[in-house]
Amino acid sequence: MTIIRKIPVLKIIITIATLYSAPVYAANITLDSFIGATTDIDAAKLEKLAVAVEANLPETANHLQSNLGGRKALQQYASAMLTHGQAERLGKQWTGLIANSAMLDKAEKKDGSVWFPHAKDAGFFAGGIAAALSQYPQTTGNFSTGAGLTAPAAGQDIAEWFSQSVSALSRPARAAFDQSLRAAAVH
């Protein structure tokens, strides 16, 4: 009878040991720790950051846009993605963020005004990437491949190029996108 009681306890111990020894990439980086984690990015930390971004793109963009230090953190993350050969993956992340144009075009009333929060967040994310692409223009081709976009024309402003990718949005949503993009692209 004591052997039967020990088997469930043994299963629990093995399960707990397995959970703690399994690699969980996003466990260490949450939205709350994302900004602080963008300092001294190495390949292992970059993978954790990328997984955290991919776990919920809209929420990540909103968090970075809404928090002090978010612009710098986003630019550092985007730069690390580009310098570590992850330009195509960053392009796919960008595409995932703008894929739902109905969500980007959705207006909300706040403080008596009409806002386009998702377009603003997507513009902010684009601005951080634009800042990084301006520092590493040689990665633009790989980024555009991942994003499924035609590469920008020679001499074309990166912000203008991003803005063209959301040209189907309503004028107010696109204005919110563009304003946020330009603010986040400042170094």
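Which side chain does glutamate 54 meet in a salt bridge? The close-ups below, taken from a predicted model, start with that pair.

**Figure 1. Glutamate 54 and arginine 89 meet in a salt bridge.** Their side chains come to 2.7 Å, N to O. Glutamate 54 belongs to helix α3 and arginine 89 to helix α6, so this contact ties together parts that lie 35 residues apart in sequence. Glutamate 54 is partly exposed, at 36% relative accessibility. Arginine 89 has 19% and counts as buried, because the cut-off for that class is under 20%.

**Figure 2. Arginine 89 also forms a salt bridge with glutamate 47.** Here the closest N and O atoms are 2.7 Å apart. Glutamate 47 is partly exposed, at 28% relative accessibility. Taken together, Glu47, Glu54 and Arg89 make up a network of salt bridges.

**Figure 3. Arginine 182 pairs with aspartate 157.** This is another of the three salt bridges in the structure, with an N to O distance of 3.5 Å. Arginine 182 sits in helix α11 (residues 171-184) and aspartate 157 in the loop between α9 (140-147) and α10 (158-164), so parts 25 residues apart in sequence are tied together. Aspartate 157 is partly exposed, with a relative accessible area of 39%.

How values were computed
Residues are numbered from 1 along each chain as its sequence is written. This is a predicted model: local features need pLDDT of at least 70, side-chain atom pairs count only at pLDDT 80 or more; totals for chains, interfaces and linings use all residues. Side-chain values use heavy atoms; hydrogens and water are left out. A salt bridge is a side-chain nitrogen of Lys or Arg within 4 Å of a carboxyl oxygen of Asp or Glu. Buried means under 20% relative accessible area, exposed over 50%, partly exposed in between (1.4 Å probe, protein chains only). Helices (H or I, at least four residues) and strands (E, at least two) are DSSP runs, numbered from the N terminus.
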